[in-house]
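Please keep the sequence and the structure in view while reading.

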Amino acid sequence: MGQKLNEIMKSVNKRFGEEIISQGIGEFDYRKIPFTSPRMNYCTYGGIPIGKLTEFFGEEHGGKTTTALDVVANYQRSDDNRDVLYVDAENRLDKDWAVKLGVDVDRLLILQPKGQSAEEIFQIIEDAVDTGEIGLWVLDSVGALVSDMELDEKRTYEDKVYGGISLPMTRFVKKITMFMHRHDCTGLIINQIRENLNSPYGGITTPGGKALKHHCACRFQFARGKYIDEKGNELNKSASEPFGNIVLMSMVKNSTCPPSHRTGQYTLRYDDGVDYLSDLVDVAIKFDVIVKSGSWFDIVDTENGDILPGKIHGLANVYEYLREHEDVLTIVENIVNKEMKKS
């Protein structure tokens, strides 16, 4: 590199007070906020990226808000003690369910709009993030936002509104991603799906316009899977009293990890939230830490080849054994975590 170019680089970095231009590419380390479910962490290579914008979208009752609250709970357990801002634009956040999922609701900053427009809500989020005191913000959800244009009292129901929420959303995501990068803040937006009436071929789309999709580092689509009973057995769709359900996830976009794990799922129990143990066992089977042979299971310490308890009959007994033997559970957890980092 020549002397003149070197001087320009020094001048640019001095002008902005930080090193924004340098020679060579540093090693990227995308830190993540993990999910509780080992299945989800395996599929997403550790969770959602810190300092980036992520979108959860999908059908109703698909698990979007539940998964977002799970992310909030795990962020609150991290070493980052900054606040979480939760924008409950739909004004229907269930406090009891949030507590079941592990959220410390007393530490949560909750914004529940009382007729404020999308532009006003976006400005509140921007101002809060730009303080540097917010580590994670959640917007639930795009479909509940109403723009200034739509709130104009002079407009009638016959007047057409062009752009709708897309125009303010475009300006918002352009600015907020800069603030998030500056303050190492993570953003999570919840969205719904709509029929794509602009396409002759049908299909689905999401509110908010194309800029939102472009600025998101990750986009995950959620759907409700099969119902389950107390033992984890699958039930039919007409089950009157299910104990939980499978939450299905599809990775539509992820610019922070390889695209090799495109789909995933986790087990949700209505009594206590994410079924960590069930999902841990599933991943352990995948990595041969738990070896299945018909209805019999062996727990294997893959680092030395030892078979820990001998054969166990049935998954229910595997769960029970791990609950009663925390030392074996810790070994399984450690090996699974090491294997996930390699994969």
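A cavity is a set of grid points where a 1.4 Å probe fits but cannot get out. The model described here is predicted. By that definition the structure holds one cavity of 30 Å³ or more. The largest pocket holds about 780 Å³.

**The largest cavity**

- Seven names make up its lining: Phe35, Ser37, Met40, Thr67, Asp70, Tyr266 and Val274.
- By class, four residues lining the largest cavity are nonpolar, two are polar and one is charged.

**The largest pocket**

- Space in the largest pocket comes to about 780 Å³.
- Its lining counts 27 residues, of which His61, Gly62, Gly63, Thr65 and Thr66 are the closest to the pocket centre.
- Five elements each supply at least two lining residues: α3 (64-76), β4 (83-88), β7 (186-192), β10 (218-228) and β11 (244-254).
- Helix α3 gives the most, with four residues.
- The classes in the pocket lining are nine nonpolar, nine polar and nine charged residues.

**Helix α9 against α11**

- The axes of α9 (residues 276-286) and α11 (residues 326-342) come within 10 Å and cross at roughly 60°.
- The two helices are therefore oblique to each other.
- The crossing of α9 past α11 is left-handed.
- On the α9 side, the contact uses Tyr276, Leu277, Leu280, Val283 and Ala284.
- On the α11 side, Leu329, Val332, Glu333, Val336 and Met340 take part.
- This contact of α9 with α11 has nine nonpolar residues, no polar ones and one charged residue.

**Helix α9 against α10**

- Helix α9 also packs on α10 (residues 315-324), at an angle of about 110° and with the axes 11 Å apart.
- That angle falls in the range from 65 to 115 degrees, so α9 is roughly perpendicular to α10.
- Leu277, Ser278 and Val281 of α9 make the contact with Leu315, Val318, Tyr319, Leu322 and Arg323 of α10.
- Six residues of the contact between α9 and α10 are nonpolar, one is polar and one is charged.
- Leu277 is named in the contact of α9 with α11 and in the contact of α9 with α10.

**Helix α5 against α7**

- The axes of α5 (residues 118-129) and α7 (residues 166-183) come within 10 Å, crossing at roughly 10°.
- Angles under 35 degrees count as roughly parallel, and α5 and α7 are therefore roughly parallel to each other.
- Helix α5 contributes Glu119, Phe122, Ile125, Glu126 and Val129 to the contact.
- Helix α7 contributes Pro168, Met169, Phe172, Lys175, Ile176, Phe179, Met180 and His183.
- The contact of α5 with α7 divides into nine nonpolar, one polar and three charged residues.

**Backbone geometry**

- Asp140 and Ser141 are joined by a cis peptide bond, with omega about 10°.
- Ser141 sits in the loop between β6 (134-140) and α6 (148-151).
- Asn91 has a positive phi, near 55°, and is a residue other than glycine.
- The place of Asn91 is the loop between β4 and α4 (95-100).
- Strand β4, at one end of that loop, also supplies at least two residues to the lining of the largest pocket.

Notes
Residues numbered from 1 in each chain as written. Predicted model: local features only at pLDDT ≥ 70, side-chain atom pairs only at ≥ 80, totals over all residues. Heavy atoms only, no water. 1 Å grid on protein atoms, 1.4 Å probe; cavity = no way out; pocket = protein on both sides within 12 Å on 5 of 7 lines; lining within 4 Å. Points joined across faces, edges and corners; volume = space filled by probe spheres on them. Nonpolar A, V, L, I, M, F, W, Y, C, P; charged D, E, K, R; others polar. Axes fitted to C-alpha atoms, helices over the stretch in contact; angles between N-to-C directions. Parallel < 35°, antiparallel > 145°, perpendicular 65-115°, else oblique. Left-handed = near helix turned anticlockwise from the far one by under 90°. Contact = heavy atoms within 4.5 Å.
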